Amino acid sequence: MQFHHHGYVSTNPRVLPAAGLGLDRSDELPDEMDVLIVGAGPAGMITAAQLSMFPNVHTRIIDRRPHRLEIGQADGIQARSVETFQAFGFAKEITDEAYRITEMAFWKPKADAPEEIHRTARTLDDEHGVSEFPHLIVNQARVLDYFAEFMDRSPSRMKPNFGFEFLGLEVGEGEYPVKVQLRDVDSGEERTVHTKYVVGCDGARSGVRKAIGGRLEGKAANHAWGVMDVIAETDFPDIRLKCAINSKHGSILHIPREGGYLFRMYVDLGEVDENDNGQVRNTTIEEIIEQANNILSPYTLDVKEVCWHSVYEVGHRLANKFDNLSDACPEPRVFITGDACHTHSAKAGQGMNVSMQDGFNIGWKLGYVLDGRSPETLLRTYGEERKEIAKNLIDFDREWSTLMATPTEELENPSYLEDYYVRTAEFPAGFMTEYRESSLTGNKDHQDLAKGFPVGKRFKSAQVCRVADANPIHLGHHAKADGRYRIYVFADGVGQDTKAQQWAQWFANDPASPQNRYTLPGDEDAMFDTKIVYPALHTEVDLNEVPKVFFPKCGPFKVSNYEKVYSLLPDHNIFEEREIATEGAVVVVRPDQYVAAVLPLDAPELLSEVFEDVLIER
């Protein structure tokens with residue numbers, strides 16, 4: 001990590017200097033603000049964390065709980081989410097404390113003793129190396145803690161305001177057009193606050209969604225599951241492996257938890273009569289444990305402690321709108337994320353993960369608009385992008401949860417479940433999201449220049465060598481959730497007479513370049529994090545020949561940043577691994593880690609077109 005550019009630091013360098021509203025921040029909830037986030041779950045906290053890096057944007061996040069979450073229902077952390085955590089600075093810490101999934105075991109009835117189960121397959125969790133990050137299991141509460149820590153250390157010094165219940169809102173006119181009614185949970189006192197924007201992250205029964213006339217559409221699958229986090233003694237041999245267990249008595253999805261002893265089981269409670277009226281939710285924990293023992297036969301489960309349990313029915317529902325965009329409100333002022341937008345089963349482990357990507361998406365966009373970087377029209381892209389992703393998620397989860405509950409003898413072939421798990425691994429890992437061509441995402445006219453960085457999909461990191469200090473690093477790991485666009489220049493050679501050299505001269509000096517149109521004077525590195533990667537070993541790169549634009553002056557002392565110039569590693573050639581053409585390429589990445597464009601080096605003016613409808617000249 002980089003520090004000292006603002007002066008010598010001997011304290012924790014992760015605590016950034018306070019700035020803007022963080023210089024004199026009050027813990028009391030004010031009457032006016034720029035953004036009010038309702039709900040301090042995963043979607044709300046990542047939205048707040050991203051906005052905390054915009055110190056001139058006044059953001060507040062409230063939750064009806066009186067304090068931090070202690071027991072979270074969600075626990076699966078897909079690799080895409082860990083990539084996101086890297087940008088927020090806590091991927092390593094959360095990986096160290098989490099349970100890491102490396103394999104999944106499949107259990108089915110024995111052919112000669114169908115009342116008993118046996119292991120039929122073991123599959124690698126990421127057989128194809130989709131990500132360098134692992135698939136984790138950790139308490140949702142710890143994820144929220146890490147985001148809270150990031151917010152507190154940010155320039156904004158942001159903290160959640162607990163103990164406030166959302167009652168309703170009205171959208172009017174003026175500087176703070178959204179009037180929000182709240183109730184103090186402790187005192188019962190009602191109050192009104194005014195804000196420019198509201199982000200509803202308040203769950204499946206979202207009051208914010210109802211306030212904008214939104215509704216969840218879809219239906220339940222009429223199938224119930226009991227879920228329990230327990231500490232138990234058992235002779236089941238795969239108790240510390242993720243398992244899909246299918247028996248004559250039903251199914252279990254078994255998930256080991258962090259800490260080495262705790263585990264979670266999703267226990268099949270069978271079909272639910274459509275006239276049940278929720279009675280299945282009265283199933284006791286004793287009945288869930290008994291059913292788990294039936295499914296596990298001949299193995300037994302002796303539960304010592306129940307840490308948490310619940311009963312739920314699978315439902316697949318999608319909100320009809322993700323914001324309050326309408327003829328009466330041509331620029332949206334209210335947005336919903338997470339479970340307020342999409343509900344589904346927990347079988348694919350996607351709820352928290354997709355919800356956080358919702359929040360990451362809307363967070364940087366609100367920051368750009370309120371910081372004066374982008375026009376309000378940018379906010380229309382949130383619903384356009386995320387609604388399609390949510391629909392794809394629900395379609396996938398419907399198929400996966402149905403397969404989980406289907407007896408083996410009814411499948412197309414005995415190995416269909418494990419084959420499906422391997423075949424679709426990229427989707428539940430979070431890497432199938434692909435944004436369509438839009439004002440934010442370019443076309444694929446030049447995709448052949450960098451086939452390994454598909455336009456519209458997340459930027460897949462690769463190992464490189466940092467030239468200045470010869471350190472091997474992952475290129476994508478240097479990109480933080482600081483709200484900046486990334487511009488990666490993959491050079492066509494080393495030396496003065498290259499297209500990359502000419503591109504750099506244009507970027508630095510031409511009035512039409514994004515660097516000169518959108519960056520405020522005094523901070524060369526504020527809007528674009530621009531890096532160059534050479535197709536050579538670090539010993540072949542002369543830093544004195546590298547264009548000065550890749551050594552931006554930083555901090556009050558205007559000292560050069562030496563961490564923008566990269567080369568190949570002897571055993572890792574990023575040009576080969578990501579299929580980058582010999583003539584080089586420019587790869588533009590959005591603040592939320594998705595590739596916005598792949599462009600040629602010899603047509604630098606195309607870079608200006610990428611930002612034409614996105615940014616405002618400063």
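F335 is buried, at 0% relative accessibility, in this predicted model. Y197 is buried as well, with a relative accessible area of 2%.

The aromatic pairs in the model number 30. In one of them, the ring centres of Y197 and F335 are 6.4 Å apart and the planes meet at 35°, so this pair counts as tilted. Y197 belongs to strand β11 (residues 190-200) and F335 to strand β17 (residues 334-336), so the pair links parts of the chain that are 138 residues apart in sequence.

Y197 also has a charged neighbour: R333 lies over the face of its ring. R373 is placed over the face of Y368. The two cases are listed below.

| Charged residue | Ring | Distance to ring centre |
|---|---|---|
| R333 | Y197 | 4.7 Å |
| R373 | Y368 | 5.0 Å |

Y368 is part of one aromatic cluster, together with F54, W364, Y485, W503, W506, F507, Y518, F528 and F611.

On the scale of domains, the chain is divided into domain 1 (30-89 + 139-217 + 317-386), domain 2 (99-136 + 220-315) and domain 3 (447-610). The C-alpha centres of domain 2 and domain 3 are separated by 46 Å. Five residues of domain 2 make contact with five residues of domain 3. Between them, domain 2 and domain 3 bury about 330 Å², with 42% of this area on carbon and sulfur atoms. On the domain 2 side, V130, E132 and F133 supply 85% of the area buried against domain 3, more than any other three residues. Zero salt bridges are counted between domain 2 and domain 3.

Methods: Residues numbered from 1 in each chain as written. Predicted model: local features only at pLDDT ≥ 70, side-chain atom pairs only at ≥ 80, totals over all residues. Heavy atoms only, no water. Phe/Tyr/Trp six-rings, centres within 6.5 Å; stacked < 30°, edge-to-face > 60°. Helix = DSSP H or I, 4+ residues; strand = E, 2+ residues; numbered from the N terminus. Buried < 20%, exposed > 50% of the residue type's maximum accessible area, 1.4 Å probe, protein only. Lys NZ or Arg CZ within 6 Å of the ring centre and 35° of its normal. Domains from an automatic or database assignment. Contact = heavy atoms within 4.5 Å. Buried area = accessible area lost by both parts, 1.4 Å probe. Salt bridge = Lys/Arg side-chain N within 4 Å of Asp/Glu carboxyl O.
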